[in-house]
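Subject: Structure handover

Hello,

Here is the structure for you to look through. My notes follow below it.

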There are 2 protein chains.
Amino acid sequence: MVYELYYWPGIPGRGEFVRLALEEGGAKYIDIALQPGAEATVARFLQGSRVPRPPFAPPFLKAGKQIIGQTANILLFLGGPLKLAPRDETGKLWVHQLQLTVADLVAEAHDTHHPISAGLYYEDQKQEAKRRAKDFREHRIPKFFGYFEKVLTRNRTAGPWLVGGRVTYADLSLAHAVAGIRYAFPKASARVLRKCPRLNKLHDAVFERPRIRRYVESGRRQSFNEYGLFRRYPELDG
Amino acid sequence: MVYELYYWPGIPGRGEFVRLALEEGGAKYIDIALQPGAEATVARFLQGSRVPRPPFAPPFLKAGKQIIGQTANILLFLGGPLKLAPRDETGKLWVHQLQLTVADLVAEAHDTHHPISAGLYYEDQKQEAKRRAKDFREHRIPKFFGYFEKVLTRNRTAGPWLVGGRVTYADLSLAHAVAGIRYAFPKASARVLRKCPRLNKLHDAVFERPRIRRYVESGRRQSFNEYGLFRRYPELDG
């Protein structure tokens with residue numbers, strides 16, 4: 001099976017959570033974002049009238065004839081074949097629950113720079129962004145990071161992972177979310193991460209994995225920038 | 001199996017999406033929100049140090065020894081036993097994808113009255129709320145409702161449902177989201193719903209189902225109010 005990942009070009013965005021799973025799982029896939037005309041290809045899918053089960057937004061994954069949307073749902077689908085989820089039903093649900101909590105964190109990180117509308121420029125909602133970012137730094141980063149630190153502490157199996165003794169897609173996504181928040185809020189995140197040794201370790205363990213390292217070094221990984229989910233605006237950090 | 005649903009008392013909130021599934025599925029369950037001391041019971045769980053797989057926030061469901069958090073994840077779990085999801089894997093994922101899109105809509109509806117911080121009062125973010133609600137009314141309600149209308153149109157099976165010919169938990173959740181948005185934004189939602197005949201029909205079909213009607217008439221269903229996800233502030237509608 002050669003998967004096709006559909007996402008906007010030029011940003012890591014939500015597509016990156018899927019990419020990390022595909023890379024770690026050793027999957028064959030075509031990253032549409034790296035193909036010429038990516039934007040038009042994605043738009044054609046969203047607007048096309050022939051897709052019987054149309055996605056709401058990218059990323060979406062094509063697996064044979066099946067088209068799967070919603071980041072966490074794509075990972076739920078990939079978890080089995082890529083061996084990035086436990087095989088028992090209880091474990092599968094727990095990993096998915098953690099993934100959905102990562103998704104909530106990511107949505108809140110996005111809204112720090114777009115608290116009013118994703119359709120407006122940052123510059124048009126800068127004052128509101130300052131207020132929302134302050135709340136995110138002071139309350140939400142500590143709450144989410146503290147939660148994941150707790151989950152890591154309560155996993156009694158040896159190793160740096162959230163669930164049991166093997167890496168799952170939730171570990172990959174959480175590591176990327178931590179990387180994104182470190183990029184966007186270097187000062188605020190450093191303060192919180194000082195109290196989260198296990199979360200730091202998980203982040204490092206993910207980016208030290210051979211396949212993830214190879215991917216990062218390949219140049220195919222999109223850099224964080226001021227067009228994506230995680231943006232570094234110094235006035236929003238502190 | 002007698003399920004236990006843990007959620008804050010006094011509001012429908014995200015707990016309601018789970019309740020509707022439990023009711024339609026004819027499940028036996030204890031609604032902790034209706035028990036004395038509900039708030040303390042929920043808090044004890046969240047703060048307790050003995051839960052090996054702690055939820056981040058309510059709602060969460062206790063099923064025997066298993067504790068499942070994240071609304072969409074709870075519904076993924078219940079879909080099979082309550083016969084509210086297709087049996088094939090592809091259908092299951094598609095219903096879950098739609099549920100996650102409902103969840104996105106609901107989160108955005110919440111943020112219209114809390115665009116800065118869930119930890120502050122509405123009155124402390126009223127100006128920002130006006131701007132965000134305007135965007136929600138003009139762009140987001142049409143986008144989400146239009147999307148679901150499209151999905152309903154493309155479901156070739158007869159009947160009012162999103163997927164195939166049988167009701168799923170995503171139908172129940174979407175109907176409740178429509179009800180909530182009609183409550184919070186009576187004017188703006190009426191304008192959009194005029195162009196969404198299938199979505200209107202789905203809403204009515206859900207609330208006409210015998211078990212759902214019995215539930216609504218039982219008095220156990222929490223009313224919408226100005227403490228929950230969907231709030232009617234006339235200054236945010238228009």
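Where is the place of Asp237(A)? Asp237(A) sits in the segment after helix H9 (210-217) of chain A. Please keep in mind that this is a predicted model.

**Around Asp237(A)**

Asp237(A) has 16 other C-beta atoms within 10 Å, so it is partly exposed. A residue would need 20 or more to count as buried, and 12 or fewer to count as exposed. Leaving out residues up to four places away in sequence, Asp237(A) touches Phe185(A), Pro186(A), Lys187(A) and Ala188(A). Ser189(A) is also worth a look. Between Asp237(A) and Ser189(A) there are 9.0 Å in space, C-alpha to C-alpha, although they are 48 residues apart in sequence.

**Helix H6 of chain A**

Helix H6 of chain A covers residues 169-184, which makes 16 residues. From first C-alpha to last, H6(A) reaches 22 Å. That is close to the 22 Å expected at 1.5 Å a residue.

**Where the chains meet**

How many residues are in contact between chain A and chain B? On chain A there are 32, and they meet 33 residues of chain B. Four elements of chain A each supply at least two residues to the side that touches chain B: strand E4 (66-69), helix H3 (71-79), helix H4 (89-113) and helix H5 (126-154). H5(A) gives the largest share, 9 residues. By type, this side of chain A divides into 14 nonpolar, 11 polar and 7 charged residues.

**Two helices in chain B**

Now to helix H5 (residues 126-154) and helix H7 (residues 186-193) of chain B. They pack at an angle of about 45°, and their axes are 10 Å apart. H5(B) and H7(B) are therefore oblique to each other. The cut-offs behind that word: under 35 degrees is roughly parallel, and 65 to 115 is roughly perpendicular. The crossing of H5(B) past H7(B) is right-handed.

Which residues meet there? From H5(B) come Arg137(B), Ile141(B), Pro142(B) and Phe145(B). From H7(B) come Ala188(B), Ser189(B), Val192(B) and Leu193(B). The residues of this contact are 6 nonpolar, 1 polar and 1 charged.

**Backbone points to check**

Most residues other than glycine have a negative phi, and most peptide bonds are trans. Here are some exceptions.

- In chain A, the peptide bond from Pro58(A) to Pro59(A) is cis, with omega near 0°. Pro59(A) lies in the loop between helix H2 (38-47) and strand E3 (60-63).
- In chain B, Pro58(B) and Pro59(B) are joined by a cis peptide bond, with omega about 0°. Pro59(B) lies in the loop between helix H2 (38-47) and strand E3 (60-63) of chain B.
- Gln70(B) is not a glycine, yet its phi is positive, about 70°. Look for Gln70(B) in the loop between strand E4 (66-69) and helix H3 (71-79) of chain B. Gln70(B) has 26 other C-beta atoms within 10 Å, so it is buried.
- Lys83(B) is not a glycine either, and has a positive phi of about 55°. Lys83(B) is in the loop between H3 and helix H4 (89-113) of chain B. With 15 other C-beta atoms within 10 Å, Lys83(B) is partly exposed.

Best wishes

Technical notes: Residues are numbered from 1 along each chain as its sequence is written. Chains are lettered from A and ligands numbered from 1 in the order in which they are written. This is a predicted model: local features need pLDDT of at least 70, side-chain atom pairs count only at pLDDT 80 or more; totals for chains, interfaces and linings use all residues. Axes are lines fitted to C-alpha atoms, for helices over the stretch in contact, and angles run from 0 to 180 degrees between N-to-C directions. Angles under 35 degrees count as roughly parallel, over 145 as roughly antiparallel, 65 to 115 as roughly perpendicular and the rest as oblique. A crossing is left-handed if the near helix is turned anticlockwise from the far one by less than a right angle, and right-handed if clockwise. Two residues are in contact if their C-beta atoms, placed from the backbone, lie within 7 Å. Ala, Val, Leu, Ile, Met, Phe, Trp, Tyr, Cys and Pro count as nonpolar, Asp, Glu, Lys and Arg as charged, and the others, Gly among them, as polar. The expected span of a helix is 1.5 Å times one less than its number of residues.
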